[in-house]
Amino acid sequence: MKLRNVLITTNDIHRAKQFYHDLFGLEVLLDNDGNMILTEGLVLQDATIWKKFLNRDLVSENNATELYFEERDIEGFVEKLEQLYPDIQYVNRLMTHSWGQRVVRFYDLDGNLIEVGTPM
């Protein structure tokens, strides 16, 4: 068995596509009317479609999951994040863990938690 994708919901799929392209360089592989598959296995799903499918309300900023990215030039990434998205909501600004890894955590534009860290 193989994990193929991770799906997150968004209130504005085109804005989310731009966000993930701007910060992480992800490109669209398939655009299927409210369901967009990006490179690296990330799927963006229109929140209204997902809510109808589940028949439940969505909970943003639930802190139960995280998208994790690695970046060698973490300072350059943080500068780009602050320039392109100055109003982004941080969980923690750039910090160093006791084991030496540097990380920054923040929410995307729809409240999905993201961590960017230096490679281990």
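User: Which element gives the largest share of the lining of the largest pocket?

Analyst: Strand 1, with 5 residues. A pocket is an open set of points on a 1 Å grid over the protein atoms alone, where a 1.4 Å probe fits and protein lies on both sides within 12 Å along at least five of seven lines; lining residues have an atom within 4 Å of a point. Helices (H or I, at least four residues) and strands (E, at least two) are DSSP runs, numbered from the N terminus. This is a predicted model: local features need pLDDT of at least 70, side-chain atom pairs count only at pLDDT 80 or more, and totals for chains, interfaces and linings use all residues. Residues are numbered from 1 along each chain as its sequence is written, and side-chain values use heavy atoms, without hydrogens and water.

User: What volume does the largest pocket have, and which residues are closest to its centre?

Analyst: The volume, the space filled by probe spheres set on grid points joined across faces, edges and corners, is about 550 Å³. Of the 25 lining residues, Thr9, Val59, Asn62, Thr65 and Asn112 are closest to the centre. Strand 1 (6-10) and helix 2 (47-54) each supply at least two lining residues.

User: In what order do the strands form the open sheet?

Analyst: Strands pair if DSSP finds at least two bridges between them. Here 4 strands run in the order 1-4-3-2, with mixed pairing. Strand 1 and strand 2 (28-31) are at the edges with a single partner each, so one side of each has no neighbour in the sheet. Strand 1 pairs with strand 4 (42-46) in the parallel sense, over 5 bridges. In that strand 4, Asp46 stands opposite Thr10.

User: Which strands does helix 1 touch?

Analyst: Contact means heavy atoms within 4.5 Å. Helix 1 (13-24) packs on the sheet and touches strand 1, strand 2, strand 3 (35-38) and strand 4. Helix 2 also packs on the sheet, touching strand 1 and strand 4. In another contact, Asp22, Leu23 and Phe24 of helix 1 meet Phe77, Lys80, Leu81 and Leu84 of helix 3.

User: Is Leu67 buried or exposed?

Analyst: Leu67 lies in strand 5 (67-70). Buried means under 20% relative accessible area, exposed over 50%, partly exposed in between (1.4 Å probe, protein chains only). Leu67 has 12% relative accessibility, so it counts as buried. Leaving aside neighbours within four places in sequence, Leu67 contacts Val6, Ile8, Tyr20, Leu42, Leu113, Ile114 and Glu115.

Definitions and conventions. Axes fitted to C-alpha atoms, helices over the stretch in contact; angles between N-to-C directions.
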